[in-house]
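Subject: Handover of a structure for your records

Dear colleague,

Please find the structure below, followed by an account of what was found in it. I would be grateful if you kept the two together.

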Amino acid sequence: MTEMTDRRSVSASVARWGLLLLAALFVLLPFWMTTLGGFKSLGELRVSPLGLPRQWDATAYLDILTSSMTWQMMLNSVVITGFTVALVLIIASMLAFTFSHIRFAGKQYLYSYVILGMMFPGATAILPLFIKIRDIGLLDTYAGVILPQVAFGLAMSVLLFRTFFEQLPKELFEAALVDGCSYGRFFWTIVMPLSKPILATVGVFILVGSWNNYIFPLIMLNDQSVYPWPLGLMEFRGQYGSEWNRILAYITVTILPAVAFFLYAQKYIVAGLTGGAVKG
Amino acid sequence: MKSVDIALEAQRTGRLSAVKEWLYRHNTGGRLSTLLLFIPPALMVFTLLVILPIAESGVYSFYRWNGFTALSDSGRWVGWRNFQFILQDPVFHQAVWNTAKIVLISLLIQLPLAMMLALSIASKGSLNTLFRLVYFLPFILADVVAGLIWRFIYDGNFGLVAAFTQLFGMESFYPLADRDWAFNAILVVVVWKYFGYHMMIYIAGLQSVPNDLVEAARLDGAGRLQIIFRIKLPLIMPAIRLSIFFSVIGALQFFEMAMPLVTSGGPSGSAHTIVTYLYEFGIVRSRIGFGSAVAVLLFVMCAIFAFIYQRFVMARNTA
């Protein structure tokens, strides 16, 4: 009897470990090939995509890191992402606050209207959006990418903010109002300082989305000097065709900030990217 | 005369005090002014850049228009012709089928895999945390990066596929250039990038399952599988619903990952999804009306999904 359960649990744990390791291999192998591929010569890459480089050659990396284009694109991304995150945090939290703390007619309808935005991907609006951005003269500007990103980030952010604000203790609000504190002051001086976790969660959600976004810059930007890095990467690939060692090095360079940030702010990233399903 | 003046005056002050009184009642604590300051920014951005463009897609979809000059100049009313063409286009059928394939692969492979992994590593422990971190890693990459990495892997001259064919002395094989393989190859990348994300959603659910419940069941003689199917899964239904929701929405907007993998929908358009079809025929070829008609169809599909999801998936759980 015990022997049988033992054997069963042994085979169960072998199966479990097999699955875990296999899945890990599936995930990590492409990373391994990408990072090392940047150190190989093109000829070596062709014959051994998997092994360690026989001769570590950092030229591809150095070329990329010393190119001013690389840094310009990183900077463009930082500007676009920075403004997108700041704008979403401010206007989404303000709107969510009116939903959670102020009574007014038609609130439920207005809320449903905004939440509707979650159902419809940017592609449903992309063509008229392009015409609109063009007609107000924002093609090839940061704003032309920032505004659509903000607009499409709002629905989810308002949802997350509202849920958080409604969990704040009601007494806090009543006490503040009795003391003659206005709604506006209550929001800026009491709610906001208490909302750091949700600001971080929403901030990360918007930040990652904006940093990685490709479709809006692709449509709105034609001028290389304002390209964010994903467009730069695709441009680079177009330029170097199948010089994969260079392209893999470029990929690695663009991945590094993301991985570093992930390891640094794991908790908020997981919370933010799973839409608050995982509590931070 | 005078009495009329007095009456008017009284009426005016009356009105004034009524306004004051109304303001006092409604603007306590700056209620009205806060509403007027806090609502418009987000509401305007949302309306102008999300809702209005969606509505405009509806208008444009009835025109033949290249978008270079105003709609009233160069647009030509074509009625339902755009829709007729799209609905009869075999490439569009393929695009819809491919989009459905992403959903199917998610439901049949990706989500069960994510659940199996979640069940194995939901408990605390540093090794489990490490595995979680690894599985989640691809998700933080941009879709274009994930696509480009796999473009290399699938390259018949360089990548993993090349290593494989060389090892067995076979001819070079280019899965992405093969009609039958291209989209399946893309599906592998979808699973690679997203299973860790769904796993994370499940782990969050599993961690909120009370431990004493599981213990009690075990004491009552429930086996491992019974505990999973009778206790854990029913309790984390909200997490499962959420991950299904994200899978379908993700499939409906699938685009960025495909861009570096295949150009113009791959070999004879066999790897198109709805959004790459929209991009190729609406944007690349500057056919705003046609592309808008695709957008309208996409909108309708999203709306149908939203309705079904609300009505059946959400409702069943509250019952």
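In which loop of chain A is the place of A:Leu168? A:Leu168 sits in the loop between α7 and α8 (170–178) of chain A, where helices (H or I, at least four residues) and strands (E, at least two) are DSSP runs, numbered from the N terminus. A:Leu168 is partly exposed because 15 other C-beta atoms lie within 10 Å. The cut-offs behind that term are as follows: a residue is buried if 20 or more other C-beta atoms lie within 10 Å of its own, exposed if 12 or fewer, and partly exposed in between, with C-beta atoms placed from the backbone. Apart from neighbours within four places in sequence, A:Leu168 is in contact with A:Val191 and A:Leu194; two residues are in contact if their C-beta atoms, placed from the backbone, lie within 7 Å. Between the C-alpha atoms of A:Leu168 and A:Leu218, which are 50 residues apart along the chain, the separation is 41 Å.

Basis of the model

This is a predicted model, in which local features need pLDDT of at least 70 and side-chain atom pairs count only at pLDDT 80 or more, while totals for chains, interfaces and linings use all residues. Residues are numbered from 1 along each chain as its sequence is written, and chains are lettered from A and ligands numbered from 1 in the order in which they are written.

The average pLDDT (the predictor's confidence in each residue, from 0 to 100) of chain A is 90, and 95% of the residues score at least 70. Among the elements of chain A, the highest mean pLDDT, 96, belongs to helix α4 (residues 68–101) of chain A, and the lowest, 76, to helix α14 (residues 266–273) of chain A. Where pLDDT is low, the predicted coordinates should not be read in detail.

Chain A

Chain A contains 14 helices and zero strands. The radius of gyration of chain A is 24 Å, well over the 19 Å from the globule rule for 280 residues, so chain A is more spread out than a compact globule. That radius is taken over C-alpha atoms, and the globule rule is 2.2 Å times the number of residues to the power 0.38. The C-alpha trace of chain A spans about 75 × 75 × 30 Å along its principal axes. Of the 280 residues in chain A, 45% are buried. Of the contacts in chain A with a separation of 6 or more, 74% are between residues 24 or more positions apart.

The domain assignment divides chain A into domain 1 (1–26) and domain 2 (68–273); such bounds come from an automatic or database domain assignment. The C-alpha centres of domain 1 of chain A and domain 2 of chain A are 43 Å apart.

Two further residues of chain A may be noted. A:Thr59 lies in helix α3 (residues 59–65) of chain A and is partly exposed, because A:Thr59 has 13 C-beta neighbours inside 10 Å. The C-alpha atoms of A:Thr59 and A:Asn245 are separated by 9.8 Å, although the two residues are 186 residues apart along the chain. A:Asp140, in the loop between α6 (126–135) and α7 (142–166) of chain A, has a positive phi of about 60° although it is not a glycine. A:Asp140 has 17 C-beta neighbours inside 10 Å and therefore counts as partly exposed.

Chain B

Chain B has 15 helices and two strands. The radius of gyration of chain B is 28 Å, whereas a compact globule of 319 residues would have one near 20 Å. Taken along the principal axes, the C-alpha atoms of chain B fill a box of roughly 110 × 70 × 35 Å. Buried residues are 42% of the 319 residues of chain B.

Chain B is assigned domain 1 (2–43) and domain 2 (81–318), and the C-alpha centres of these two domains of chain B lie 55 Å apart. B:Ser268, in the loop between α13 (258–261) and α14 (274–284) of chain B, is a residue other than glycine with a positive phi, near 40°.

The contact between the chains

The contact draws 68 residues from chain A and 73 residues from chain B. On the side of chain A that touches chain B, the largest share, eleven residues, comes from helix α1 (residues 2–37) of chain A. The residues of that side comprise 55 nonpolar, nine polar and four charged; Ala, Val, Leu, Ile, Met, Phe, Trp, Tyr, Cys and Pro count as nonpolar, Asp, Glu, Lys and Arg as charged, and the others, Gly among them, as polar.

With kind regards
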